[in-house]
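Please consult the sequence and the structure alongside the text.

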Amino acid sequence: MTNYHKSVLLEEAVSSLDIKPGSVIVDATLGGGGHSEEILKKLNGTGMLIGFDRDLDAINEATKRLDAYSNKILINSNFLYLKEKLKEMNIDSIDGILFDLGVSSYQLDADRGFSFLRDEVLDMRMDRESGKTAAAYVNNLEEEELANIIYNYGEERLSRRVARAIVDARSKEYINSTKQLADIVAQKIGWAYSKLNIHPATRTFQAIRILVNDELKAIEVALQDAIDILKPNGKIVVISFHSLEDRIVKRTFQFNAGRCKCPNKIPICICGAKEVIDIETKKPITPSDEEISDNSRSRSSKLRVGRKL
Ligand SMILES: C[S@@+](CC[C@H](N)C(=O)[O-])C[C@H]1O[C@@H](n2cnc3c(N)ncnc32)[C@H](O)[C@@H]1O
C-alpha cells in the first residue's frame with residue numbers, strides 16, 4: 001500500500017462489480033490505483049482493466065502500482081470523454097464501471113492549491129495542463145456570479161457575504177493563495193461555524209473546486225454514457241462524497257430505472273424514461289465505523305450500484 005491515497009469502500013465497491021473472468025472493466029477514477037489493483041486481482045490475468053484519470057500524477061502513480069499486470073490500459077483523460085476514448089479502442093460495450101468521485105488524498109496534500117489548511121498557490125486544477133486556476137476565477141468573477149457559485153456548488157447559506165468579502169479583499173490585493181482565501185472567508189463568517197466541526201471555508205473551497213474542474217457536468221454526462229454502454233447484467237458502481245454528487249447519481253439511476261422526470265403539470269411523459277437498470281442499492285452503502293475511524297475521509301462516502309437489464 002502506498003500513502004498516495006487510501007481507497008474508500010474498497011471491498012464493497014469491488015465485490016459490487018461482480019467481476020467474471022474475461023470481463024472488460026473501467027475504473028473511471030484511477031487515483032492511486034487502489035480499486036484498480038483489486039479489480040485486476042479479480043480478473044486474474046484475463047479480460048482487461050481500462051483506467052482513466054485527468055490528473056497525470058495519478059496516471060504515473062497507478063502505472064507504477066499496477067506494473068505487474070499486463071491486461072490494463074491507463075488513459076490520461078477526463079471521464080467526460082469515456083465513450084469516445086473507448087470507441088477509439090473499438091470498445092462499444094463494457095462489463096462494469098467504477099466511479100470513485102472527487103479528489104484523492106494526494107491531490108489534497110500535494111501543494112496543488114486544494115487545501116485551506118496550508119498556504120499554497122490557489123490552483124485547484126486536477127488537470128494542470130488545461131483550464132483556468134481557482135485564483136483566476138476568484139479574482140475575476142462578478143460578485144453576483146461568485147455568490148451564486150458558492151451557493152449552488154458549496155451549499156453555503158452565507159454565500160452573499162462570502163462573495164462580498166472576497167470582492168472587498170481583492171480590490172486591495174490579488175488573492176493568490178489558499179490561506180489568503182481561507183482567512184477572508186473565516187474572518188467574515190467564522191462565527192457561524194464556531195459550533196460546527198468544519199472549517200468555515202470548507203463549503204467555499206468545495207464550490208470553487210467544482211467550478212474550476214467543471215465536475216458536475218462530467219459526472220452527469222459520464223454516468224449516462226456508462227449506463228448506455230454497459231452490457232446486460234453489467235454493473236455501474238459509484239462512490240460519492242457530497243450531496244451534489246450523490247443527487248446526480250441518485251437521479252441518473254432513477255431515470256434509468258424508468259422513473260419519469262417530467263414536471264407534474266405535463267399530461268404525458270416527454271422525458272423518455274425507460275427501465276434499463278435495476279437499482280441494487282435502495283439505500284446507499286456507507287462505510288463501517290471501523291473504516292471511518294481508520295480513514296476519516298471515508299466519513300461522507302456513499303456507494304450506489306446499478307445493474308443493466
Ligand atoms: C477519490 S480519487 C480515486 C482513488 C482511487 N479509487 C484509488 O483507490 O486510489 C479520485 C480521482 O478521480 C480523478 N478524477 C476526478 N474527476 C475526474 C474526471 N472528470 N475525469 C477523470 N478523472 C477524474 C481525480 O483526479 C482523482 O485522482
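## Report on the predicted model

The side chain of Ser-301 comes within 2.6 Å of the backbone oxygen of Ser-298, a polar contact in the sense of a pair of N or O atoms within 3.5 Å, where within protein one atom must be able to donate a hydrogen and the other to accept it, and residues adjacent in sequence count only if both atoms are side-chain atoms. The structure is a predicted model, in which local features need pLDDT of at least 70 and side-chain atom pairs count only at pLDDT 80 or more, while totals for chains, interfaces and linings use all residues. Residues are numbered from 1 along each chain as its sequence is written, and side-chain values use heavy atoms, with hydrogens and water left out.

Ser-301 belongs to the loop between helix H13 (289–294) and strand S7 (302–308). Helices (H or I, at least four residues) and strands (E, at least two) are DSSP runs numbered from the N terminus. With 1% relative accessibility, Ser-301 counts as buried; buried means under 20% relative accessible area, exposed over 50%, and partly exposed in between (1.4 Å probe, protein chains only).

**The ligand site**

Around the ligand there are 24 residues, of which Ser-7, His-35, Asp-53, Phe-79 and Asp-100 come nearest; a residue is counted here if one of its heavy atoms lies within 4 Å of the ligand. By class, this shell holds seven nonpolar, 13 polar and four charged residues. In this scheme Ala, Val, Leu, Ile, Met, Phe, Trp, Tyr, Cys and Pro are nonpolar, Asp, Glu, Lys and Arg are charged, and the others, Gly among them, are polar.

| Protein atom | Ligand atom | Distance |
|---|---|---|
| Ser-7, polar side-chain atom | oxygen | 2.6 Å |
| Gly-33, backbone N or O atom | oxygen | 3.4 Å |
| Asn-78, polar side-chain atom | nitrogen | 2.8 Å |

The protein covers 98% of the 610 Å² of accessible area that the ligand has on its own, with areas taken from the Shrake-Rupley method with a 1.4 Å probe.

**Helix H2**

His-35, one of the residues that come nearest to the ligand, is also among the buried residues of H2. Helix H2 spans residues 34–43 and is mostly covered, with seven of its 10 residues buried. These are Gly-34, His-35, Ser-36, Glu-37, Ile-39, Leu-40 and Leu-43. Just after H2, Asn-44 adopts a positive phi of about 50°.

**Other positions**

Two further residues have a positive phi without being glycine. Asp-18 has a phi of about 50° and lies in the loop between helix H1 (10–16) and strand S1 (24–27). Its relative accessibility of 42% makes Asp-18 partly exposed. For Glu-155, phi is near 50°, and this residue is placed in the loop between helix H7 (143–154) and helix H8 (159–172). At 34% relative accessibility, Glu-155 likewise counts as partly exposed.

Is Asp-123 buried or exposed? Asp-123 counts as buried, because its relative accessibility is 12%. This residue sits in the loop between helix H5 (105–109) and helix H6 (134–140), and its side chain is joined to that of Arg-125 by a polar contact of 2.8 Å.

Ile-236 is buried, with a relative accessible area of 0%. Its C-alpha atom is separated by 35 Å from that of Glu-145, 91 residues apart along the chain.
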